[in-house]
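Please consult the sequence and the structure while reading.

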Amino acid sequence: MIEIKNVSVDFDGFKAVKDVSLTIEDQDTYGIVGFSGAGKSTLVRTINLLQRPSAGQVLVDGVDMLGLSKKDLREKRKKIGMIFQHFNLLNNISVLDNVIFPIKRDKISKEEKKQKALKLLDLVGIKDKADAYPRELSGGQKQRCAIARALMSDPEILLCDEATSALDPKTTKQILELLKSLNEKLKLTIVIITHQMEVVKDLCNKCAVMEEGRIVEQGPTLEIFANPKNRLTKEFVETTTNVEQTIEDVKENLGIIKEDETLVQLKYLGDSTTEPLISDIYDKFGVETNILAGSIEFITGVPVGNLILTFKGEDSQIDKVIEYLLEKEVGVKILGGRDGIL
Ligand SMILES: Nc1ncnc2c1ncn2[C@@H]1O[C@H](COP(=O)(O)OP(=O)(O)O)[C@@H](O)[C@H]1O
Ligand SMILES: [Mg+2]
């Protein structure tokens, strides 16, 4: 478990991290999202003390990192692996030697080191590239090599600083899948910094949003996606759902909405699929629905749905429909259409 308590980082008077507190549980896949310059890297580097905080405390498994001797800190750091956007491989040695590098000086035989490295290269899916040089690898393969290298000292925590930001979308998905499998197989705790909300959506069970050195919102990814509160969080969620843009598009094409229709957004979570609800709406209340747009995202395996539709019927019946939907825990937002709001 990682506990960051009231941590601030000050660079000659410039506060890059401001009084941040964060708890990351064992085997979390914790996303830290924010725009460039928000302080994400600086914050995460305080976990292994690559960056010393100016104030506050960092506890890893209950151990106060700032209280460790140099030697103990070196040992502790071995349990915290790190990977980066630009891989940071050594170009003049082979993939295998890159992976061995962190334990090069350890007192085990060369052969044992080699076997361990080969096993890890197999685990990350590039065993056949052991004798290749980094320049012969694709971006995805380079990151796989960097991951194998990070695993060489049997870490319990893996810090990923924009690890997929230099990769194309398909390779990004593959690397995120690999990280997810390592999280499960090796019980690895993963902290991933990213400016892409898509990464959080695909990998993280929890996340925090950072802006100007502060955490503006944090929580389980599902909650963040289902009900973002902060302006910036909403902006990040919107990048994956495009709901607001869809609503704008619908409003711009008002021709598709007739005068006697009400434009509504429905939002639902989990198993409450809307299909039976929509037939209920007609059967019980005589209100017709017309679906204009819809999306379903799976967040940590739970569906989060958004539907943009119109209701057509008596106003009093539509009110009953809305009440009925709210009872079924479907979020309802009237976007316009009634009383000439549109
Ligand atoms: N070593 C440093 N010295 C001075 N300023 C720094 C240093 N590292 C980062 N900063 C500044 O701190 C702010 C946050 O940087 P960083 O943590 O890298 O943000 P992010 O990773 O979110 O892009 C930026 O304004 C950056 O210029
Ligand atoms: Mg950064």
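Q: Which residues does Asp161 touch, not counting residues up to four places away in sequence?
A: In this predicted model, local features need pLDDT of at least 70, side-chain atom pairs count only at pLDDT 80 or more, totals for chains, interfaces and linings use all residues, and side-chain values use heavy atoms, with hydrogens and water left out. Residues are numbered from 1 along each chain as its sequence is written, while chains are lettered from A and ligands numbered from 1 in the order in which they are written. Asp161 belongs to strand β7, residues 157–161 (helices, H or I of at least four residues, and strands, E of at least two, are DSSP runs numbered from the N terminus). With contact meaning heavy atoms within 4.5 Å, Asp161 touches Ser41, Met82, Ile83, Phe84, Gln85 and Ile193.

Q: How far from Asp161 is the nearest side chain of opposite charge?
A: Asp161 is buried (under 20% relative accessible area, where exposed is over 50% and partly exposed in between, with a 1.4 Å probe and protein chains only). Lys and Arg count as positive and Asp and Glu as negative, His and the chain ends not being counted. Asp161 has no salt bridge, a term that requires a side-chain nitrogen of Lys or Arg within 4 Å of a carboxyl oxygen of Asp or Glu. The nearest side chain of opposite charge is that of Arg45, and its distance is 6.5 Å.

Q: What covers the buried residues of helix α5?
A: Of the 13 residues of α5, 10 are buried, so the helix is largely enclosed by the rest of the structure. Among the buried residues are Gly140, Gln143, Arg144 and Cys145. The cover includes β6 (80–84), α3 (95–100), α4 (110–123), β7 and α6 (169–185).

Q: Where is Ile126, and is this residue buried or exposed?
A: Ile126 is located in the loop between α4 and α5. Its contacts, not counting residues up to four places away in sequence, are Val95, Leu121, Gln141, Arg144 and Cys145. Because its relative accessibility is 2%, Ile126 counts as buried.

Q: Which residue has a side-chain N or O atom 2.8 Å from an oxygen atom of ligand 1?
A: The surroundings of ligand 1 include Phe11, Phe35, Gly37, Gly39, Lys40 and Ser41. A polar backbone atom of Gly37 is 2.7 Å from an oxygen atom of the ligand, and a backbone N or O atom of Gly39 is 3.0 Å from an oxygen atom of ligand 1. The side-chain atom at 2.8 Å belongs to Lys40.

Q: What is the N to O distance in the salt bridge between Glu75 and Lys78?
A: Both residues lie in helix α2 (residues 70–78), three residues apart, about one turn of the helix. An α-helix has 3.6 residues a turn, so residues three or four places apart point the same way. Glu75 is partly exposed at 44% relative accessible area, as is Lys78 at 32%. The N to O distance is 3.3 Å.

Q: Which strand holds the salt-bridge partner of Lys201, Glu297?
A: The side chains of Lys201 and Glu297 meet in a salt bridge of 2.7 Å, N to O. The pair links distant parts of the chain, 96 residues apart, with Lys201 in helix α7 and Glu297 in strand β12. Lys201 is buried at 14% relative accessible area, and Glu297 is buried at 8%. The strand that holds Glu297 is β12 (residues 288–299).

Definitions and conventions: A residue is near a molecule or strand if one of its heavy atoms lies within 4 Å of it. A polar contact is a pair of N or O atoms within 3.5 Å; within protein, one must be able to donate a hydrogen and the other to accept it, and residues adjacent in sequence count only if both atoms are side-chain atoms.
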